[in-house]
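Hi there,

Here is the structure I said I would pass along. Please have a look at it first, and then read on for my notes.

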Amino acid sequence: MDKIRIQRNVKRIEVNDNGEFITLDFDDLNLPYRYYGKLKKFENDRAKFANELAQKLKGKPADICTEELVKAERDLNIYFRDAVDEVFGEGTCRKVYGDILPSLEMHMQFFDLLRPYFEDESKRRQERMNKYSARRMGNVKHNS
């Protein structure tokens with residue numbers, strides 16, 4: 001029986017001292033779409049969150065503001081935790097951060113640490129597209 005195997009472009013990245021890893025499957029074109037989409041959404045949502053919270057706390061006593069701020073920050077980071085798992089797969093946050101509710105700064109650091117992998121993949125795809133386009137154009141006959 002003949003067999004073929006498709007070469008895969010999958011990166012396994014160790015994310016903690018327990019040897020656990022996450023997988024970046026760059027053959028899944030939804031991965032960069034989700035990654036860049038969440039980065040943009042994080043920035044937009046963080047600004048929206050700050051503006052809404054400022055309006056909500058305007059004129060309230062300091063003790064109420066502190067309580068509201070803690071609750072709002074917790075809710076926002078639950079949202080971001082779930083978003084990270086949505087992009088990279090269920091259980092990613094537990095592997096990366098442990099059993100805590102990570103801060104927004106931790107989420108942004110995680111995305112920033114992964115950025116070079118996505119940038120390298122983008123360059124690789126561009127080079128491959130240029131290579132195939134040049135090869136294809138070389139086979140085209142022009143009528144003059």
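Below is what I found, taken region by region.

First, a caution: this is a predicted model.

**The hairpin**

Strand β1 (residues 10-14) and strand β2 (residues 21-25) run antiparallel and are joined by five bridges. If you want a landmark in this pairing, look for I13, which stands opposite I22 in β2. Six residues lie between the two strands of this hairpin, and G19 takes a positive phi near 80° there.

**Helix α2 and what comes after it**

Helix α2 covers residues 62-88, which makes 27 residues. From first C-alpha to last it reaches 38 Å, close to the 39 Å expected at 1.5 Å a residue. Its buried residues are C65, A72, L76, N77, F80, A83, V84, D85, V87 and F88. Just after α2 comes G89, with a positive phi of about 115°.

A polar atom of the T92 side chain lies 2.6 Å from the backbone oxygen of G89. Is T92 buried or exposed? T92 counts as buried because its relative accessible area is 3%, under the 20% cut-off. Leaving out residues up to four places away in sequence, T92 touches I22, V84, D85 and F110. Of these, I22 is the β2 residue opposite I13, while V84 and D85 are among the buried residues of α2.

**The largest pocket**

The largest pocket has a volume of about 250 Å³. The elements that each give two or more residues to its lining are α1 (30-57) and α2. The lining is made up of D45, K48, F49, E52, L53, K56, E68, K71, A72, D75, L76 and Y79.

**R115 on helix α4**

R115 sits in helix α4 (residues 104-138). With a relative accessible area of 28%, R115 is partly exposed. Its side chain makes a polar contact with the side chain of D112, at 2.9 Å. Which residues does R115 contact, leaving aside its neighbours within four places in sequence? They are Y35 and L39. Y35 is 80 residues away from R115 along the chain, yet their C-alpha atoms are separated by 9.2 Å.

Happy to go through any of this with you at the screen.

Best wishes

Methods:
Residues are numbered from 1 along each chain as its sequence is written. This is a predicted model: local features need pLDDT of at least 70, side-chain atom pairs count only at pLDDT 80 or more; totals for chains, interfaces and linings use all residues. Side-chain values use heavy atoms; hydrogens and water are left out. Helices (H or I, at least four residues) and strands (E, at least two) are DSSP runs, numbered from the N terminus. Buried means under 20% relative accessible area, exposed over 50%, partly exposed in between (1.4 Å probe, protein chains only). Contact means heavy atoms within 4.5 Å. A polar contact is a pair of N or O atoms within 3.5 Å; within protein, one must be able to donate a hydrogen and the other to accept it, and residues adjacent in sequence count only if both atoms are side-chain atoms. The expected span of a helix is 1.5 Å times one less than its number of residues. Two strands pair if DSSP finds at least two bridges between them. On a 1 Å grid over the protein atoms alone, a cavity is a set of points where a 1.4 Å probe fits but cannot get out, and a pocket is an open set with protein on both sides within 12 Å along at least five of seven lines; lining residues have an atom within 4 Å of a point. Grid points are joined across faces, edges and corners, and a volume is the space filled by probe spheres set on the points.
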